[in-house]
Amino acid sequence: MSRTIFEKIIDGEINAEIVFENSYVIAFKDINPQAPVHILVIPRKKASRMSDLKEWNADDAGNFFKAVSLVASELGLDQDGYRVVINNGTNGGQEVEYLHAHILAGRQMKWPPG
Ligand code: 5GP
């Protein structure tokens, strides 16, 4: 199977505006932002989608979610708040087949989502 655009970003083959990195994740600006702040957080360890995470050990899964929280905090989003979205599969609206969490912030989010 061909590599996704996010694997190419991890490997430095495609540029991205990286805002945070640690040994578990890379976080970068979404190319087509849906809010004033729109960051994608991807694990360095490959998973195609959220459905695959049940195969991960709790440490790896926890480190991914902890990093999402850390990124939001480092970007100063804790006080005003933010939304985290993980699209999974066709009905979830997932376009890139590599697990990623969207962090959306900088405006009032609505519910229910579209
Ligand atoms: P999904 O619909 O799979 O949950 O979200 C994929 C996201 O990746 C979309 O919000 C899209 O704008 C973003 N995206 C797609 N290609 C690129 C790219 O090459 N660079 C960056 N920074 N974001 C991308």
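Biologist: Which residue just after helix 2 takes a positive phi?

Modeller: This is a predicted model, where local features need pLDDT of at least 70, side-chain atom pairs count only at pLDDT 80 or more, and totals for chains, interfaces and linings use all residues. Residues are numbered from 1 along each chain as its sequence is written, and side-chain values use heavy atoms, with hydrogens and water left out. Helices (H or I, at least four residues) and strands (E, at least two) are DSSP runs, numbered from the N terminus. The residue with a positive phi, about 80°, just after helix 2 is G76.

Biologist: What span does helix 2 reach from its first C-alpha to its last?

Modeller: Helix 2 covers residues 58-74, which is 17 residues. The expected span is 1.5 Å times one less than the number of residues, and for helix 2 that gives 24 Å. The span in the model is close to this, at 24 Å.

Biologist: Which residue caps the N-terminal end of helix 2?

Modeller: The cap is a side-chain oxygen that lies 3.1 Å from the backbone nitrogen of D59. The residue that supplies this oxygen is N57.

Biologist: How many bridges join strand 2 to strand 3?

Modeller: Two strands pair if DSSP finds at least two bridges between them. Strand 2 (residues 25-29) has four of its five residues buried, so it is largely enclosed by the rest of the structure. With strand 1 (residues 18-21), strand 2 pairs in the antiparallel sense over three bridges. Strand 2 and strand 3 (residues 37-43) also run antiparallel, and the number of bridges joining them is five.

Biologist: Why does the pair of F6 and F28 count as edge-to-face?

Modeller: Rings of Phe, Tyr and Trp (its six-membered ring) pair if their centres lie within 6.5 Å; planes under 30 degrees apart count as stacked, over 60 as edge-to-face and the rest as tilted. By this rule there are two aromatic pairs. In one of them, the centres of the F6 and F28 rings are 5.5 Å apart, and the pair is edge-to-face because the planes stand at 70°.

Biologist: Which residue forms an aromatic pair with F64?

Modeller: This pair is edge-to-face, with 5.2 Å centre to centre and 65° between the planes. The partner of F64 is F65.

Biologist: Which side chain makes a polar contact with the side chain of H38?

Modeller: H38 lies in strand 3 and is buried, with a relative accessible area of 6%. A polar contact is a pair of N or O atoms within 3.5 Å; within protein, one must be able to donate a hydrogen and the other to accept it, and residues adjacent in sequence count only if both atoms are side-chain atoms. At 2.8 Å, the partner side chain is that of H102.

Note on methods. Buried means under 20% relative accessible area, exposed over 50%, partly exposed in between (1.4 Å probe, protein chains only).
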